Amino acid sequence: MPSLRSRALSVALVLAGRRRRFASAEAVRARVASAARRPAPHLPPRRLGRVADISRTFVGAWPVYDVSPLGAEPSAQVLYVHGGGYVGELERPHWELVRTLVTRARARVVVPAYILAPRGTADRTVPVATDLLSGLIAGGGDGGTVLIGDSAGAGLALAAAQRLRDRDGGQPSRIVLVSPWLDVTMSHPDQAAIEEADPLLARAGLLEAGRLYAGTLDPEDPLVSPLRGSFAGLAPLTVFSGTRDVLSTDSRELVRRARAEGTEVEFHEAAGMPHAYPLLPVPEGRAARDRIVELVRSAADL
């Protein structure tokens, strides 16, 4: 049974109209047009600078933030790829997760502000993410490298891990996927029923966002929809999903297929929880973040 706080938050999300952002293809196109006129900021919040050293570099056209524990040597490193349906910038919940990883896991967290769709399409975005991941693994030193992504960022993260495996067999210590969006076709037959209870997401808007991200590629291409790729030879996976998330079908399919192909998978499915619940200020979210911190700390001991 979901906690009282999580149930109240789900009601608040509905009342606040958060689902309207993906309610229709028109809503997504309007959001993209608005962002083109006035791009949303992706800067880290000022208070993060009180507990972390923050620097910014560029990888091609991507601003990439490097966030490390203040006055301490990091014990592991994380590549964190944020969600937002490929059309949304880094927001406060993403930076709060970064803060948790820095302060509690003593991790160096590398956060790319990747180019959003429709300018940033899978054929351009996945190769850059792959190179960034490869470079972190190669320069990681004694600590492990954990790849973390939420929602669309989890799809990009998994596609990058698959591409890196195919290129040279390289892998991070572990891959952590939070409410991953792994198939932009939105074609799973169970999604219609789940959508009715989802307080955040709707299929019509996601389908349009996925089309924009696919660009000239077929939406079924594994570069766009990594659920349609291979899972053999990947690093151990940890997956978090809630049952009130229309994308929970992607998580279940991933777990089934990855285990069938011999990949180690740890699966956390939280009853009654919405999309990206590990980023939310609820007891279930805190428990999920505790587990993510444990996994990053474990990578440091490898």
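Here are some questions and answers about the sheet and the pockets of this predicted model.

Local features here need pLDDT of at least 70, side-chain atom pairs count only at pLDDT 80 or more, and totals for chains, interfaces and linings use all residues. Residues are numbered from 1 along each chain as its sequence is written, and side-chain values use heavy atoms, with hydrogens and water left out.

Reader: In what order do the eight strands of the open sheet stand?

Author: Strands (E, at least two residues) and helices (H or I, at least four) are DSSP runs, numbered from the N terminus. Two strands pair if DSSP finds at least two bridges between them. The pairing in this open sheet is mixed, and its order is S1-S2-S4-S3-S5-S6-S7-S8.

Reader: Why is one side of S1 and of S8 left without a neighbour in the sheet?

Author: Strand S1 covers 52-59 and strand S8 covers 265-270.

Reader: In which sense do S3 and S5 pair?

Author: S3 takes in residues 76-81 and S5 residues 145-150. Gln77 stands opposite Thr145 in S5. Over five bridges, the sense of the S3 and S5 pairing is parallel.

Reader: What angle does the direction of helix H9 make with that of S5?

Author: H9 (residues 283-300) packs on the sheet, where its contacts (heavy atoms within 4.5 Å) include S3, S4 and S8. Axes are lines fitted to C-alpha atoms, for helices over the stretch in contact, and angles run from 0 to 180 degrees between N-to-C directions. For H9 and S5 the angle is about 155°.

Reader: Which element gives the largest share of the lining of the largest pocket?

Author: On a 1 Å grid over the protein atoms alone, a pocket is an open set of points where a 1.4 Å probe fits, with protein on both sides within 12 Å along at least five of seven lines, and lining residues have an atom within 4 Å of a point. This pocket has 33 of them, with Arg18, Glu91, Pro93, Leu279 and Leu280 nearest its centre. Helix H1 (4-15) supplies at least two residues. The largest share, eight residues, comes from H3.
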